[in-house]
Amino acid sequence: MLADTRVTLSKDAVGPGETVVLTIDTDQPVASPDLSPLRADFGIGNIDSSRRVGFDGQGVRTSQQIRIELKPLRSGMLAILPLAVGNQRTSPLLLEVLANPGARAMAPARSSTASTQADGPVFIDTVVDDATPYVQQAV
């Protein structure tokens with residue numbers, strides 16, 4: 001299913017008192033990632049985890065999704081440092097915590113391949129791994 005560990009944020013900018021969900025998708029057998037790098041800038045809220053099991057021509061594949069609720073402790077541009085997940089590390093992310101939510105920046109999302117701007121068009125970046133796909137083939 002997965003070939004690595006991926007991490008995303010539910011939002012790229014929040015106001016004071018708002019929370020954001022950090023989602024980790026991994027194929028690593030891990031109960032919980034090491035959250036100590038987050039504790040300096042974030043309060044840790046609910047942690048939710050789900051596991052998926054699938055079968056393919058090579059055997060059983062398992063993956064896990066971990067969702068961590070984060071509450072920023074200060075405003076500014078906060079770095080979410082790489083987290084250890086099994087024998088892999090997540091990529092770093094940035095979260096903008098605005099002191100004045102009315103001044104919300106119109107920057108594209110920094111945490112995923114799909115991004116939106118308030119009341120604007122939606123842009124999706126993708127990489128196609130098959131130059132000649134057939135109808136309804138996953139690419």
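## The nonpolar core

In this predicted model, the largest nonpolar core holds 20 residues, and Leu-22, Leu-38, Leu-70 and Ile-80 have the most contacts inside it. A nonpolar core here is a set of buried Ala, Val, Leu, Ile, Met, Phe, Trp, Tyr and Cys residues joined through side-chain atoms within 4.5 Å. Buried stands for under 20% relative accessible area, exposed for over 50%, and partly exposed for what lies in between, with a 1.4 Å probe and protein chains only. At least two residues of this core come from each of strand E1 (6–9), strand E3 (20–26), E5, strand E6 (76–80) and strand E9 (93–97). In soluble globular proteins, nonpolar side chains tend to be buried together.

Leaving aside residues up to four places away in sequence, Leu-38 touches Leu-22, Ile-44, Leu-70, Ile-80 and Leu-83; a contact means heavy atoms within 4.5 Å.

## How the model was read

Residues are numbered from 1 along each chain as its sequence is written, and side-chain values use heavy atoms, with hydrogens and water left out. Because this is a predicted model, local features need pLDDT of at least 70 and side-chain atom pairs count only at pLDDT 80 or more, while totals for chains, interfaces and linings use all residues.

## The chain as a whole

The chain has zero helices and 11 strands. Both element types are DSSP runs numbered from the N terminus: helices (H or I) need at least four residues and strands (E) at least two. Of the 139 residues in the chain, 29% are buried.

The chain exposes about 8700 Å², and carbon and sulfur atoms supply 53% of that area, as computed by the Shrake-Rupley method with a 1.4 Å probe, where for residues only the protein chains shown count as cover. Among contacts between residues at least 6 apart in sequence, 56% join residues at least 24 apart.

## The four-stranded sheet

Four strands form an open sheet in the order E1-E3-E5-E4, with antiparallel pairing. Two strands pair if DSSP finds at least two bridges between them. E1 and strand E4 (42–56) are the edge strands, each pairing on one side only. On average, neighbouring strands of this sheet are turned by 15° against each other, direction ignored; the axes are lines fitted to C-alpha atoms (for helices over the stretch in contact), and angles run from 0 to 180 degrees between N-to-C directions.

Within the sheet, four bridges join the antiparallel strands E1 and E3, and Leu-9 has Leu-22 in E3 as its bridge partner. E3 and E5 pair in the antiparallel sense over seven bridges. E3 is largely enclosed by the rest of the structure, because six of its seven residues are buried.

## Glu-69, a residue in E5

Glu-69 lies in strand E5 (residues 59–72) and is the bridge partner of Val-21. At 27% relative accessibility, Glu-69 counts as partly exposed. Residues up to four places away in sequence aside, Glu-69 touches Thr-19, Val-20, Gly-43, Ile-44, Gly-45 and Asn-46. The C-alpha atoms of Glu-69 and Val-20 are separated by 5.9 Å, although the two residues are 49 apart along the chain.

## The three-stranded sheet

Another open sheet has three strands in the order E2-E9-E6, and its pairing is mixed. Its edge strands are strand E2 (13–14) and E6, each pairing on one side only. E2 and E9 run parallel and are joined by two bridges, with Val-97 in E9 as the bridge partner of Val-14.

## Salt bridges

The structure holds four salt bridges, where a salt bridge is a side-chain nitrogen of Lys or Arg within 4 Å of a carboxyl oxygen of Asp or Glu. One of them pairs Asp-41 with Arg-74 at 3.1 Å, N to O. This pair links distant parts of the chain, 33 residues apart: Asp-41 is in the loop between E3 and E4, and Arg-74 in the loop between E5 and E6. Asp-41 counts as buried at 18% relative accessibility, whereas Arg-74 is partly exposed at 44%.

Asp-48 forms a salt bridge with Arg-67, with the closest N and O atoms 2.4 Å apart. Asp-48 sits in strand E4 and Arg-67 in strand E5, so the pair ties together parts that are 19 residues apart in sequence. Asp-48 is partly exposed with a relative accessible area of 40%, and Arg-67 is partly exposed with 21%. Glu-18 and Lys-11 also form a salt bridge, their closest N and O atoms being 3.8 Å apart.
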